Each structure stands twice: as structure tokens, then as C-alpha cells.
Amino acid sequence: MADTPLIEVNHLKKFFKTGGGWNHAVDDVTFTINKGETLGVVGESGCGKSTLGRTIIRLLEATDGQVLLNGEDVTHVKGHALKKARENMQIVFQDPYSSLNPRLRVESAVMEPLQYSNKFRSGKAKKEEAQRLMELVGIDERLRQSYPHELDGGRRQRVGIARALALNPDFIVCDEPVSALDVSIQAQVLNLLMDLQDDLGLSYMFVTHDLSVVKHIANSIMVMYLGQAVEKASSKELFDAPLHPYTKALLSAIPSVNIHKEKKRIRLTGEITSPINPKPGCRFTARCPYVTEACHQPQQLVEVRPDHFVACCRVNEIN
């Protein structure tokens, strides 16, 4: 099961028209997510993580490239085929408050996707399914007639997860689902997502800027910088042996609880390259301490170690 690709993304691009040109938010990204596994997508704010997830599930239309779901091309499907694909691909949003209708009680919010589905004929069946979903994600019965503003952030996010599960999807984009929550609540929601994955065989794309979180939940991790994938490896491999200069700097910024051991920080200098009409070549050149003339040529994500991919022409020289 784990070796069967559920999501295949090939050379995906998403550009936005601006007054100054085209913003290359996602630019030529390729990867796969196997059934029952989690791909963590990390990078600083504005690198295109969330745009990538929304483009995959068709909340945004791709500029170019291809998305395959269970081997079927869903990049440009319409009508009934799009509805079927969307039932199989869901999203949990970052802000659990703004993603819920403030006028709907919890039970009604969970039932809403069921109302637009043909899977349940009677109102009783829909209500029973909503009760099952709320029980599955741990929403107490006493809270099921509450409004979103009456709940804390963790419980609101449980409602969002229940809605995402309503149509029995195989794939869920988790768009920074715990970044707006307290640390103790973060752990509860992460454990819930992992339990649901084990019980239901779900596949996740987990978008986050918190590397300590992604290490806990992801099988493999892809690092993005200004719309491009610069490194991809298993979670353990990436943390033990990062190869791209940007990944090394990113990992060095993780706070340490060991006050007796001084951690070496990599301080990046230089201006961040504009994502609007970027020049060919590595977009990290303006901040990279190892830059040479060859870095200004287009970089490809290549396998430099088994299942460890890096987009850097100097990777073998600097490691």
C-alpha cells in the first residue's frame, strides 16, 4: 500500500498576474505522495506552500503541469468528474475560525457537505453520519449545538477536520492546521490527525513553517524556496543530513531546549529575490554563501543519494 502513489504532481506551475509582471508562486514542482503517507512541505512565508496545496485540490487553477489522483489526470476536469475528484481531495485550513460559517452550529457545519452529496438519501442518515464524524474527531455531545465563537481554537479545528472527512476522502491538504493553536492543543490535533491516518488510511500533504511539527508527523519532507522545490528526502534523512544550503539554514534556526550546548546558527544575508518575473537559475543565489556563475543556470531536482533529491549544482562540492 505504501508504495502505491495516490497523488502525482508533474511540473506544476501557478502564476499570478500582477502590475509588475507574473508572480511565479509555484514554479515547476514535481513529487508523489504514496497511499497512507504524509509529505511535509516547509519553507518560509511566501514560498508557495499553501498555493501548491490549493492548486493540487483545484481551489486554484494550474497555469501549467499535471496532477494525477489515483492515476487519473484531474488537472483540468470539469462537471461531474471535478465533483468526484473534489470529494476525494479535501483541505483543513489554517484558521479554524474564518473557515467556519459563524451562523451555523457545529452539527449543521458538519452536515453541510453531506447535504450536497448524493451519498445519503434521508435526513436521518445525514444526521447519523454527522454524529459519527463528530464522535470520530472528539467533539463532545454537549458542544454539538454550539456556534464557532463559543469554542476554543482546538475544538474549532476538530470541526474543520470533521468537515474534511465528511465525504470520505483519500487525500487531505493540511494547510498549517496547528499554527494558530496553543502548543498543548497543537499536540492533541497532531495526534488526532495521525490516529485518523492510521484508522482510515489517509494521505496528507502537511504544509507548515514549523520544522519541529513536521518532523513529528511526516514520512518525507519537501523544502520550498520562492516557488521551487530545493530539497526532498525522508524526514529522518533531511534532519540528519541536509544538503541544500537553504535547508541547512532553515534547520539551524530551530530553537533548542539544550541551554548547555551552543547551536551553530547559519545567518543568511542579502536581499530575497523577487518572485515576479524571476531570472533563470537558483533563486537562492542572492543569499547563498557558495554561489558561483554556474548557479545562475536553471537548477534541476536530482537524486544525489537514494531517495534524496536536491536542486543545487554545487551539492557534491559543499557537502
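Mentor: Begin with the lining of the largest cavity: it divides into nine nonpolar residues, three polar and no charged. Nonpolar here covers Ala, Val, Leu, Ile, Met, Phe, Trp, Tyr, Cys and Pro; charged covers Asp, Glu, Lys and Arg; the others, Gly among them, are polar. Keep in mind that this is a predicted model, where local features need pLDDT of at least 70 and side-chain atom pairs pLDDT 80 or more, while totals for chains, interfaces and linings use all residues. Residues are numbered from 1 along each chain as its sequence is written, and side-chain values use heavy atoms, without hydrogens or water.

Trainee: Which residues line the largest cavity?

Mentor: Rolling a probe the size of a water molecule over the atoms shows where empty space is left. On a 1 Å grid over the protein atoms alone, a cavity is a set of points where a 1.4 Å probe fits but cannot get out, and lining residues have an atom within 4 Å of a point. Here the lining includes His 244, Pro 245, Phe 284 and Gln 299, along with Cys 282, Cys 288, Cys 295, Cys 312 and Cys 313. The volume is about 70 Å³, counted as the space filled by probe spheres set on the points, which are joined across faces, edges and corners.

Trainee: How many cavities does the search find?

Mentor: Two of 30 Å³ or more, across the whole structure. Arg 58, Val 67 and Thr 75 are among its lining residues. That lining holds four nonpolar residues, two polar and one charged.

Trainee: Which residues come closest to the centre of the largest pocket?

Mentor: A pocket is an open set of points, with protein on both sides within 12 Å along at least five of seven lines. The largest pocket has about 580 Å³ of space. Of its 20 lining residues, Arg 86, Gln 90, Ile 91, Pro 113 and Arg 163 are closest to the centre. The lining divides into eleven nonpolar, five polar and four charged.

Trainee: Which members of the largest nonpolar core touch the most others?

Mentor: A core joins buried Ala, Val, Leu, Ile, Met, Phe, Trp, Tyr and Cys residues through side-chain atoms within 4.5 Å. Buried means under 20% relative accessible area, exposed over 50%, partly exposed in between (1.4 Å probe, protein chains only). Of the 37 residues in this core, Val 137, Val 159, Ile 161, Leu 165, Ile 172, Leu 193 and Leu 196 touch the most other members. Helix α6 (183-200) is among the elements that supply at least two residues. Helices (H or I, at least four residues) and strands (E, at least two) are DSSP runs numbered from the N terminus.

Trainee: Is helix α9 mostly covered or mostly uncovered?

Mentor: Mostly covered: seven of the eight residues of α9 (245-252) are buried. Tyr 246 and Leu 250 are among them. The buried residues pack against elements including β3 (38-42) and α10 (315-318), by contact (heavy atoms within 4.5 Å).

Trainee: Where does Leu 226 sit?

Mentor: In the loop between β9 and β10. Most residues other than glycine have a negative phi. Leu 226 has a positive one, near 50 degrees. Asn 277 also has a positive phi, about 50 degrees.

Trainee: Is Asn 277 buried or partly exposed?

Mentor: Asn 277 is partly exposed because its relative accessible area is 43%. Leu 226, at 10%, is buried.
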